[in-house]
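Have the structure on screen while you read.

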Amino acid sequence: MARLCLVLGDQLSPSLSSLRAIDRGTDHVLMAELAEEAGYVRHHRKKIALIFAAMRHFATGLEDAGHRVFYRRFDPGSAIRGFTDAVRAHCNEHDIDEIVVTWPGEWRVLDELRGLDKTVGCPVHLLEDDRFVSTPAEFADWAEGRKTLRMEFFYREMRKRTGLLMDDGKPAGEQWNFDADNRRKWSGDPPPSRPMRFTPDETTAEVVALVAEQFDGFGEIDGFDFPVTPGQARRALAHFVEHALPWFGDFQDALPDDEDWLFHSRLSTSLNLGLLDPIEVCEAAEQAWRDGHAPINAVEGFIRQIIGWREFIRGVYWLKMPDYAEQNFFGNTRDLPDWYWTGRTGMRCLQRAIDATRRNAYAHHIQRLMVTGNFALLLGVVPKQICDWYLAVYADAYDWVELPNTLGMVMFADGGGFASKPYAASGKYIQRMGDHCANCRYKVGKRTEDDACPFNALYWDFLMRHEEDLADNGRMTMMYRNVDRLKPADKAAITRRANWIRDHVEEL
Ligand code: FAD
Ligand code: DLZ
């Protein structure tokens, strides 16, 4: 008799709780490249390649460490389509008395794992995923009795708990948050950094060829260069700290027209797969500040993204699921424009963000939030459609992190569960943060003319359409004061133009 440890595609950490729970060399480890997992949304081809390549390297590492690994490579014709099939097949072939799995990153998978014991006929133990600073239970305790959930307060708890950027119990630099310093537009100086690139080794090249042949979904497979092992991920981290971290804060919100990465880290894929530990990443950043290599606004801003936003978002996910995914506060009914999949639009900011997404399976936070996200919010896209798009197109996307970011932060579809107001913005915001507008066929200075930036009319129309829902929100007062200043003729022109945009959205 042996125990079976099922390791999921984003659980690639040698210290995983389920691996700690089994006997090396006696118990079995099962990993599987599965059609159902590769197909539940139209994943970017680089995302599939990343996960399969990282899984194969991880399995080899486990074998080298003495584990008995059973690895199923992707087989399009196989009757084994999903996790349940894979476990059932394994249990039919071997004497298994117990299954252990670390808590998955998606409610959908949790639901499936909870049904496994009945299907397979042996007990399934779900273990805590302790690769995070906080647990869902701790987050639920923190959230208990709070009217609103605000990341900032949770983040301060995480700072105290980890001791990151703390001096004698006080925040380093005498401030918890340096966000106000982090809103500069970038005009080419200093020169941009870019993430470290990794040429595929034999294992990765084999996966890339497999994906190129078997998957004809979204995104380019050429130029695959993601880190796929912990060693590569650590080198990518060191490269980021050395070359980009010092400017991460200043230009965190910048939207340059022709820069894919600027000073962002591209470490999310490694963090989410488990190749990097969040504390290790934050400690490397803190050390750079203590050594005088990077300023406090950069280091605090970066650490806040990881022990603040990343942990907070995960807490929200497990607190609110499964009903969370169904929310649609504004009652949106619009379809996602088809050009989200092709990038064929004349709106420069959207074209650049979607083009980068197609090439890299990556867009930085402000592109996700204020360009593709903002447009979907203003247009009134059905939340599920835009959530599925984000889940598919980004290499770092798993439900636990994608859903609250999209549904809650971008779409305000939970009515403000944690965002104090919708991140709705007109073209002016995009103009202020970069140079897309100077290269665009639409005029950002115009509102209702035929060549006016579509964000503008949609923005005012969004405010007007949702006045009842939003006007009482204290953080929207300024915006509604501006709406009140509009003359009836202006309002009518805005509505006309917004209706035209909605009717002709595929032609924009
Ligand atoms: P950096 O800018 O270098 O930031 C450092 C790290 O901070 C990231 O690697 C990430 O781990 C963490 N981080 C930053 N912001 C967030 C956040 N809001 N939530 C969680 N972690 C954060 N991030 C994902 O990892 N997966 C997703 O599926 C995902 N979907 C998103 C969808 C939308 C609509 C939005 C607005 C944001 C989403 N994010 C997601 C958050 C963020 O955009 C990405 O983490 C970031 O762009 C990844 O690039 P980076 O590693 O260069 O990040
Ligand atoms: C996203 C993904 C993909 C594309 N493929 C696999 C796979 O073949 N096998 C696997 O174990 N996991 C895969 N994943 C990740 C899962 O869909 C899911 O996100 C995680 O299991 C959640 O913990």
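1. Start with Asn272: a polar atom of its side chain sits 2.9 Å from an oxygen atom of ligand 1. Do keep in mind that this is a predicted model.

2. On its own, ligand 1 has 810 Å² of accessible area, and the protein covers 99% of that.

3. The side chain of Ser265 has an N or O atom 2.6 Å from an oxygen atom of ligand 1. With Leu267 the backbone is involved instead: one of its polar backbone atoms is 3.0 Å from a ligand 1 oxygen atom.

4. Which residues come nearest to ligand 1? Out of the 29 around it, they are His264, Ser265, Arg266, Asn272 and Tyr362. Sorted by class, the shell holds 15 nonpolar, nine polar and five charged residues.

5. Check the domains too: domain 2 (136–195 + 244–320) and domain 3 (339–507) each supply at least three residues to the shell around ligand 1.

6. Last, take a look at Ser193, in the loop that runs between β7 (170–171) and α9 (202–214). Is Ser193 buried or exposed? Its relative accessible area is 13%, under the 20% cut-off, so Ser193 counts as buried. Beyond its neighbours within four places in sequence, Ser193 is in contact with His239, His243, Ala244, Trp261, Leu262 and Phe263.

Terms used. Residues numbered from 1 in each chain as written. Chains lettered and ligands numbered in written order. Predicted model: local features only at pLDDT ≥ 70, side-chain atom pairs only at ≥ 80, totals over all residues. Heavy atoms only, no water. Near = heavy atom within 4 Å. Polar contact = N/O pair within 3.5 Å; in protein donor to acceptor, adjacent residues only side chain to side chain. Areas by Shrake-Rupley, 256 points an atom, 1.4 Å probe, with all protein chains shown as cover. Nonpolar A, V, L, I, M, F, W, Y, C, P; charged D, E, K, R; others polar. Domains from an automatic or database assignment. Helix = DSSP H or I, 4+ residues; strand = E, 2+ residues; numbered from the N terminus. Buried < 20%, exposed > 50% of the residue type's maximum accessible area, 1.4 Å probe, protein only. Contact = heavy atoms within 4.5 Å.
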